[in-house]
Amino acid sequence: MADIILVLLTGFITGITTILFGFGGGFVVVPFVYHLVAASGEHSGQAMHIAVATSTAVMILNSGYATFTNWRSNNLLRKTIVPLIYFIGIGAALGAFASSLLEDAVVRLLFVIYMLVTIADCLFRQGFLVKPARAVLSKTTLWGGGPVIGVIATLLGVGGSVLTVPLLRRHGYEMKHCVSAANPLSIPVAVIGALMYIGLGWKEMSGPQYLGYVNLTLLAMLVVAGIVGIMFAKRCLPKVNDSWHARIYVLLLILVLIAISL
């Protein structure tokens, strides 16, 4: 019973972070599922793959629902989504395939390194904590950065928000627009990633609760609780000042880094 309550609470928090930070679930779900599966002793050697796969599946519904609510609130800007979403989708397929070639411990190590680099970039390079002047995304950023975001996001199950939010922020967009754009930009990563992980883990995993590497029991509970969290965040939480929004974003990244490292 305690485990069920913990899963539902995690899903609820996931929904809140989806709205506030555009995470779609990845940065909360990956550390949580990793530790839960590793501690159970069942498929512990595949714990990181299960965590990443389940995270991408959670993001499909969480990011989709959050995108719909942000669209209704007029927080979505077309220029922050198109055409970047197409290039991210290309990279997503490559990222899921690359994950199948790596050991579980390697994926976890890459996750930690990715977090360290992102946090350092947000804190020590100008353009994130203080919003710069508005700038157009260059072709180099779209053609080069888009696929890279897709690869990393699918490989680590994080949805791309920790790359797309700083990217859009450095191009002069307010945090609410960066976060809102992160949800639809995560959808191709989530869909392609989930399908790839289902296929790659089809013969690797056993038990009725698994569809490939995706844990269906955890997925169902996390999604239901996540939608409740999204509704709560939209209706009950106050709007955050743009500057503080950026600072809290970085703080949450640090907490996630600590969680996956311990």
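Predicted model: local features only at pLDDT ≥ 70, side-chain atom pairs only at ≥ 80, totals over all residues.
Buried here means under 20% relative accessible area, so Arg170, at 16%, counts as buried. Below is a quick tour, starting with the charged contacts.

**Salt bridges around Asp121**

- Asp121, Arg125 and Arg170 are linked in a network of salt bridges.
- In the contact between Asp121 and Arg125, the closest N and O atoms sit 2.6 Å apart.
- For Asp121 and Arg170, the closest N and O atoms are 2.8 Å apart.
- Asp121 belongs to helix 5, while Arg170 is in the loop between helix 7 (161–169) and helix 8 (175–200), so this pair ties together parts that are 49 residues apart in sequence.
- As for cover, Asp121 has a relative accessible area of 22%, so it is partly exposed.

**The Asp242 salt bridge**

- Asp242 pairs up with Arg169 in another salt bridge, with 2.7 Å between the closest N and O atoms.
- This one links distant parts of the chain: Asp242 is in helix 10 (residues 242–261) and Arg169 in helix 7, 73 residues apart.

**Helix 3 and what follows**

- Helix 3 runs over residues 47–72.
- With 26 residues, helix 3 spans 37 Å from its first C-alpha to its last, close to the 38 Å expected at 1.5 Å a residue.
- Even so, helix 3 has a kink of about 30 degrees, centred on Met59.
- Most of helix 3 is covered, with 19 of its 26 residues buried.
- Just after helix 3 comes Asn74, which takes a positive phi of about 60 degrees.
- Further along, the peptide bond joining Val82 and Pro83 is cis, with omega about 5 degrees.
- Pro83 sits in the loop between helix 3 and helix 4 (84–100).

**A nonpolar patch on the surface**

- Val106, Leu109, Leu110, Ile113 and Val117 make up a nonpolar surface patch, with about 400 Å² of accessible area together.
- One of these residues, Leu109, is placed in helix 5 (residues 104–124).
- On the geometry of helices in general, an α-helix has 3.6 residues a turn, so residues three or four places apart point the same way.

- Phe12 lies in helix 1 (residues 2–21) and Phe232 in helix 9 (residues 216–236), so the contact ties together parts that are 220 residues apart in sequence.
- Phe12 is partly exposed, with a relative accessible area of 24%, and Phe232 is partly exposed as well, at 33%.

Definitions and conventions:
Residues numbered from 1 in each chain as written. Heavy atoms only, no water. Helix = DSSP H or I, 4+ residues; strand = E, 2+ residues; numbered from the N terminus. Expected span 1.5 Å × (residues − 1). Bend = angle between axes of the 7 residues up to and from the residue. Buried < 20%, exposed > 50% of the residue type's maximum accessible area, 1.4 Å probe, protein only. Patch = residues over 30% accessible without salt bridge, like charges linked within 9 Å, V, L, I, M, F, W, Y side chains within 5 Å. Areas by Shrake-Rupley, 256 points an atom, 1.4 Å probe, with all protein chains shown as cover. Salt bridge = Lys/Arg side-chain N within 4 Å of Asp/Glu carboxyl O.
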